[in-house]
Amino acid sequence: MMRPYPETLARWHELVEKRDFTGLDDLLADDACFQSPILHTPAQGKAATAMYLRAAGFLLVSGGKFRYPNEWWNETSAVLEFETEVDGVIINGVDMIFWNADGKIERFKVMIRPLKAVNLVHEAMKKLLTQGLPKP
């Protein structure tokens, strides 16, 4: 028997495909948490999680090379393997997404490799977050 595809995951893919993350506020739980290898501690709350996801979306997705070649999911979580390229550096990683019974994302955890990619993303995210994202 085939499980129904999770609505939360479909909505996330739609944001990524459109390269438009303005719909994040409707998708995130108020107590959402964002975890990343570039953060010492998790970012807590909807506003902080949205800020990091918008910046990461701009950095990793907007160049047009981003794709999810594999995904694994169940009723309340998913692991999405991604690949992209930024400034000539191939970035490989996973997005681990956990949502509640209302379909709102409660935790979004990102892991990336190789080390060169982690360093590039760290510097680029720092710049984006201090200077601000370009307007769409």
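Six salt bridges are counted, a salt bridge being a side-chain nitrogen of Lys or Arg within 4 Å of a carboxyl oxygen of Asp or Glu. The structure is a predicted model, in which local features need pLDDT of at least 70 and side-chain atom pairs count only at pLDDT 80 or more, whereas totals for chains, interfaces and linings use all residues. Residues are numbered from 1 along each chain as its sequence is written, and side-chain values use heavy atoms, with hydrogens and water left out.

One of the salt bridges joins the side chains of Glu 85 and Lys 65, at 3.5 Å from N to O. Glu 85 belongs to strand β4 and Lys 65 to the loop between α3 and β3 (67–73), so this pair ties together parts that are 20 residues apart in sequence. Helices (H or I, at least four residues) and strands (E, at least two) are DSSP runs, numbered from the N terminus. Glu 85 is partly exposed at 29% relative accessibility, as is Lys 65 at 48%; buried denotes under 20% relative accessible area, exposed over 50%, and partly exposed the range in between (1.4 Å probe, protein chains only). A salt bridge is also formed by Glu 83 and Arg 67, whose closest N and O atoms are 2.8 Å apart. Here distant parts of the chain are linked, with Glu 83 in strand β4 and Arg 67 in strand β3, 16 residues apart. Glu 83 is partly exposed at 26% relative accessibility, and Arg 67 is partly exposed at 45%. Within helix α4, Lys 126 and Glu 123 lie three residues apart, about one turn of the helix, and their side chains meet in a salt bridge of 3.7 Å, N to O.

The largest nonpolar core comprises 41 residues, among which Trp 12 and Ile 91 touch the most other members. Such a core is a set of buried Ala, Val, Leu, Ile, Met, Phe, Trp, Tyr and Cys residues joined through side-chain atoms within 4.5 Å. Elements giving two or more residues to this core include α1 (7–18), β1 (28–35), α3 (46–61), β5 (89–99) and α4 (115–131). Helix α3 supplies the largest share, eight residues. Beyond its neighbours within four places in sequence, Ile 91 is in contact with residues including Leu 60, Phe 82, Ile 112, Ala 117, Leu 120 and Val 121, contact meaning heavy atoms within 4.5 Å.

Helix α4 has 17 residues and spans 24 Å from its first C-alpha to its last, close to the expected 24 Å at 1.5 Å a residue; the expected span is 1.5 Å times one less than the number of residues. Its buried residues are Ala 117, Val 118, Val 121, Ala 124, Met 125 and Leu 128. These residues fall within an arc of 140° seen down the helix axis, so they line one face of α4; the arc is that of the directions from the helix axis to the C-beta atoms. The buried residues of α4 pack against α3, β5 and β6. On the other side of α4, Leu 115, Lys 116, Lys 127, Thr 130 and Gln 131 are exposed.
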